[in-house]
Amino acid sequence: MLNTKIFERSAIGRLLLADKAGSYLLMVLFAAMVLVPLCNLLMPEGSFLHIPTYIVVLLGKYLCYALLALALDLIWGYCGILSLGHGAFFALGGYVMGMHLMRQIGERGVYGNADLPDFMVFLNWTELPWYWYGFDSFFFSMFMVALVPAALAFVFGWLAFRSRVTGVYLSIITQAMTYALLLAFFRNDMGFGGNNGLTDFKDILGFNLQSDVTRCVLFALSALSVMLAYILCRAIVSSKYGRVLVAIRDAESRTRFMGYRVEHFKLFVFVVSAILAGIAGALYVPQVGIINPGEFGPINSIEIVIWVAIGGRGTLFGAVIGAVAVNYAKTYFTGAFPEVWLFMLGALFVISTLYLPKGIVGVVKQLQDRRAERNAPTSQGAQS
Amino acid sequence: MKLTHIDTHAVFRFILFCLVIILPMQSTAAPIATVGQIKIQREDAALLLNELITAKSTVDKINLINLIANSNLPQRVAVLEALQSGDLYYTKKAKQLVYAHSHADGYSAVAVIGNEDLGVVGSRAVRKISINNELRTVLRGVLAEISLRSENTAERLQAAKNLVRSPAAEFLPAIERALVMESDAKVIEALKLAAAMVNLNSDEQVLRLEAIESFRGSLDSDAMSLLAAMQLTDSDGNYLEPDDLVRESAAAVLKQMRSEAKIYKLIENTFFGLSLGSVLLLTAVGLAITFGVMGVINMAHGEMMMLGAYTTYVIQLLMPNYIDYSIIVAIPAAFMVSGLVGIVIERGIIRHLYGRPLETLLATFGVSLILQQAVRSIFSPLNKSVTAPSWLSGSLEINGALSLTYNRLYIIAFSLIVLLLLVFLLKKTFVGLQMRAVTQNRAMANSMGIRTGWVDALTFGLGSGIAGIAGVALSQLTNVGPNLGQSYIIDSFMVVVFGGVGNLFGTFFAAMSLGVANKFLEPFAGAVLAKIFVLVFIILFIQWRPRGLFALKGRSVED
Amino acid sequence: MKTKSSIKAFAKHSSIVLAAATLSLSASIAHAADTIKVGVLHSLSGTMAISETTLKDTVLMLIEEQNKKGGLLGKKLEAVVVDPASNWPLFAEKTKELLEKDKVDVIFGCWTSVSRKSVLPVIEELNGLLFYPVQYEGEESSKNVFYTGAAPNQQAIPAVDYLMSEGGGSVKRWVLAGTDYVYPRTTNKILEAYLKSKGVAEKDIMINYTPFGHSDWQTIVSDIKKFGSQGKKTAVVSTINGDANVPFYKELANQGLSAEDIPVVAFSVGEEELSGFDTGPLVGHLAAWNYFMSADAEVNDAFIDKWLAYIGDAKRVTNDPMEATYIGFNMWVKAVEKAKTTKVDKVHDALIGISVPNLTGGVATMLPNHHLTKPVLIGEIQENGQFDIVWQTEAAVPGDAWTDFLPESAKLEADWQNPKIMCGNYNTETKKCSGQNY
């Protein structure tokens, strides 16, 4: 009894009680966080409840995408900043993690060089470039996972919001940003492994990355991150600050005329979103085992927007649902219909924009409303 | 290069000498060779030509080619030309030399000796007399010498130019003979250059100095190459050109040639930039309509270009014998195909999404996936080959240092024409007036009796159609494959945004300036960094002018 | 109270959702034991579909043919085709799926180096078997991968040797032009070291890198032209990748650089790429491969006939990676028959030393370093999109996993047969396998 009361009174509790769908989502995530590793590690193989490792990794990957989608929904759904370059922050976070994992390989690379990653050895690099220093420390790397995307977002956002670049102009220059980074990271001279990127990771904090336990822990961490990020985003958007964000989304000039420093609000939320995207990238890399410049691809960033739109923009939980649903569809289609899956994916995008303008979440809500209507016949006349 | 030439020619002279001595012994009836021409009787002709089949090494083949060229065989020109163009084969069974042309069921073969028509033979029944680049160089020279006597001025000019590129002492008498007879100024100039190129290897100092002096003012790259070679040293540190006087005068002339070439390099670079800019303009101008004027974030724009390029491919399949005209036919065809697809997309999807511009992005992205996969299913994922019409190949030679490629020249002109027509259509016609009215104020236009739905479809069709035309141009520059559109879409958006959405002149100016900037950065920074710099520049520029280079003014831009 | 009950409801609801999701994911783990499953991991969409689709068809054709012969070990072969969509992380994911869900016995797949690198940890962890059919930069030898394409010493170095010879034009000055990724970078590093060892001066080597899909070659071709007019015979060694080639050759032709002036020898342009070119202006440019469709051999004629009949299009061509797939498939079949099982470790041991006919009339042998012996052929591009073979090595060249021309790599050696070594990167100086943890 007492626990329930404390929960009701606590800030998070109040937040969640007001957000029913979000609570559902957190429940599912929590259940997944506990059950999936258990089913993988404890159930015997061949048992009905056994979850094979590759599915654990797959679900972990979906969750990283979900976190990324959440980050985008925070700025797009609540502040109207359509970033078509959010993949850049994700990839930067991933690269930071990749650099740490590369340094962890140490002497176990094919050339047995303790300092230099393999790709530097065979391209005749003699010493580690300065910007690789420090990444052998886990805590420094984790700090950089947040700092690097945040710094880029701060500089970019500071310039763009101060000069009041908005709408499609902002979208297109975010594309330019990720495209420029794509080209830069493709260059082998940059010292990030060029097109092959960073790969062949061995372990993290001494735990073998290939082992089932490490994978389950990474999965649980991803689930936990999505939950925490969700709560953070929810807290932001339901605060007074969040109301200003929505005001900016709906009428930027008016909000400015009311005396709010619009650019400060935008910059803050943009940086938070970039950090979340960076964390998503950092969780993604040890699970998929590779990070390469392809992640900076402008098309990837557009896909993130599509996840959010299909799930339901401006709801936060919609972003999570959209990311998982679209990526599950992709996994399923590429395996089941390798020749024609692009037709299906393309049609899915077209149909959902035409018929589900508010995404999956919108449809569910519509159904709920309809049911509520049926249950309450008195209000029938008012609607229609 | 110089060394090998001397070697092979020395061997050639030796063999020629032997032949002159041996031939009379073999066939007593054969008259002795006169003035560099060897008279060969019929059975020896067969022998000599059949040696082409057996000769294996490059050196053997070079000797043989020279022998044939200097013989009085009636087929010699035909044989050598066939050899050069790769039409000379032999039958595997009978070891008979044939001219073969590809045919649906193999090759149609005609015997070289006796001109007997062998009909169609299977493609694996004959084998080609293979040649390599060394042999091609020799053949070019040999055939050029022969065609110096042609009646046609253009052929003579080509022959003289070929001699410049394959200079050899053997050709000098022929060049001098031709110089006496020649009346055309251009041919004379080329012949003089060729003679000088040969004389550069002469044993006499005077001749060499004269040759070097004659290069002054010319910008021929082969001449520069030879002059530069004189400055080189061999592995022991000795100059390849032992004569100091000759070497120094060569250095002086070379220096002058190079400094003159620098100016032309600048012009060339500007040309490269403008041509890149015109490609950007072509790809972006359609988007300037659908995105800039209508506000639809059309991710399928690249696929419209792809459709245009595939239309070109199909047109070429339909008219294989009129490749030169195929492009002319393809332009309206591509406009129609892409335009119609555009109208279908607009009527089927986009019209439901007006007022929700960001959702057009999602829907058109889906459309682009579908179109790509459709092309992959219909035409296979392989790239398709689109032939360049002859009038689009080659380059306009201003001088030795500057030549402008025809396809780029045409594309610059073409992009300007497209832009002008578009401006005319939008500004001076009634349809254009309606289009502008609808995009500026839909409700007002509607109430004035304009059928906005119809105008929307037309405008989107126009933008898509222009993308189709851009596809025709791209088919001349790059791969025709399912990914064609993807590689241009981002650049197109950058151009439109940089120039200012909704402003055609801005698009033009943006495309050209980005093109030129890219090309001037490239020599210093390399292709990748140049592109990155341009992107960063665009990002920073937008901070300075958040609505692009030429922002629209007035109320309609307020959101 | 209300809160508690609703939390309960949430928990119930969420566990149902979760169970349903997991079920649908793992539902298809039905494992049929009466077929031998062959995974096909080639991109069918995205940028690499251009090249990889053909290899998928090749594997399917070979499987069909093997089944007509009665299958393998009395079982039918069954192809499991997936589409990794030119997306590198997806390659790893699909490999996991093939090995864990579909339980395939062997995988034929990958084209780009990065896709192979992405697959590598997965295939090593799950002890799978991958046949990789494309020429690549070397510097690798994994226990679970068999490399049936060329290593640099089976393509790049012989090609340069040919150009330096008198018949090849006695080239003295070199442009090494490539797309900026690991294969060209490594190949050019090796070539640079090799050329210098042959006495070519630093200033006679020009190295240039361009991004993927580079389409505007005006400046670079003009630079090559200038570089070539310095008085020495010049050649271009091109490791330019796929899509960038068409605009590159078009620009060469338009600026009037013919094969006689500056020949270009390419390592990534084969018959299939040429079928998308207008070959007119390309005649005389070269390519170095281990197989050309024009190779004069009975077995090649038979293969071509079968391919054309299978694909149902008389205009299609065959190319080097197809031959590599063909060799790899036949080797695997032979090894399975020899080992009498499809178990990876047994097949692995049986594979080393196995010889099968290649398509140029010779024999390919699998070496202990998981590479093949291959003849090297130089072909000149013809008007009809075929190559005219102008030169070839007298004997087959054994593939070298670690090149001798890079200092760090020269120390390494791969041997999966010698019980004293048994690794892919044995350091001959320290006498142990550097670092690997398997």
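**Stop 1: chain A, coloured by confidence**

Select chain A and colour it by pLDDT. The mean is 88, and 95% of the residues in chain A reach 70 or more. Now pick out helix α12 (residues 262-288) of chain A, where confidence is highest in this chain, at 95. At the other end of the scale is α1(A), with the lowest mean, 62. Then select residues 379-384 of chain A: the pLDDT there is below 50, and beyond near neighbours in sequence the stretch has three contacts in the model. Where pLDDT is low, the predicted coordinates should not be read in detail.

**Stop 2: where chain A meets chain C**

Show chains A and C together. Their contact takes 50 residues from each of these chains. On the chain A side, several elements give two or more residues, including α4 (53-79), α8 (167-186) and α14 (317-336) of chain A. Which element gives the most to this side? Select α3(A), which gives seven residues. Colour this side of chain A by class and you will find 25 nonpolar, 18 polar and seven charged residues.

**Stop 3**

**Stop 4: a pair of helices from chains A and B**

Select α15(A) and helix α14 (residues 357-379) of chain B. Their axes come within 8 Å and cross at roughly 155°. How do the two helices run, roughly parallel or roughly antiparallel? An angle over 145 degrees counts as roughly antiparallel, so that is how α15(A) and α14(B) are related. The crossing is left-handed. Show side chains to see who takes part: A:Phe343, A:Phe349 and A:Leu354 are among the residues from α15(A), while α14(B) brings B:Leu362, B:Phe365 and B:Ile370, among others.

**Stop 5: two annotated spans in chain B**

An unreviewed UniProt entry gives the annotation "transmembrane region" to several spans of chain B, including 357-375 and 493-517. Select residues 357-375 of chain B: the span is 100% helix, and its end C-alpha atoms lie 27 Å apart. Finish with residues 493-517 of chain B, which are 84% helix, with end C-alpha atoms 17 Å apart.

Note on methods: Residues are numbered from 1 along each chain as its sequence is written. Chains are lettered from A and ligands numbered from 1 in the order in which they are written. This is a predicted model: local features need pLDDT of at least 70, side-chain atom pairs count only at pLDDT 80 or more; totals for chains, interfaces and linings use all residues. Two residues are in contact if their C-beta atoms, placed from the backbone, lie within 7 Å. Helices (H or I, at least four residues) and strands (E, at least two) are DSSP runs, numbered from the N terminus. Ala, Val, Leu, Ile, Met, Phe, Trp, Tyr, Cys and Pro count as nonpolar, Asp, Glu, Lys and Arg as charged, and the others, Gly among them, as polar. Axes are lines fitted to C-alpha atoms, for helices over the stretch in contact, and angles run from 0 to 180 degrees between N-to-C directions. Angles under 35 degrees count as roughly parallel, over 145 as roughly antiparallel, 65 to 115 as roughly perpendicular and the rest as oblique. A crossing is left-handed if the near helix is turned anticlockwise from the far one by less than a right angle, and right-handed if clockwise. pLDDT is the predictor's confidence in each residue, from 0 to 100. UniProt positions are given in the numbering used here, feature names are shortened, and annotations may be inferred rather than shown by experiment.
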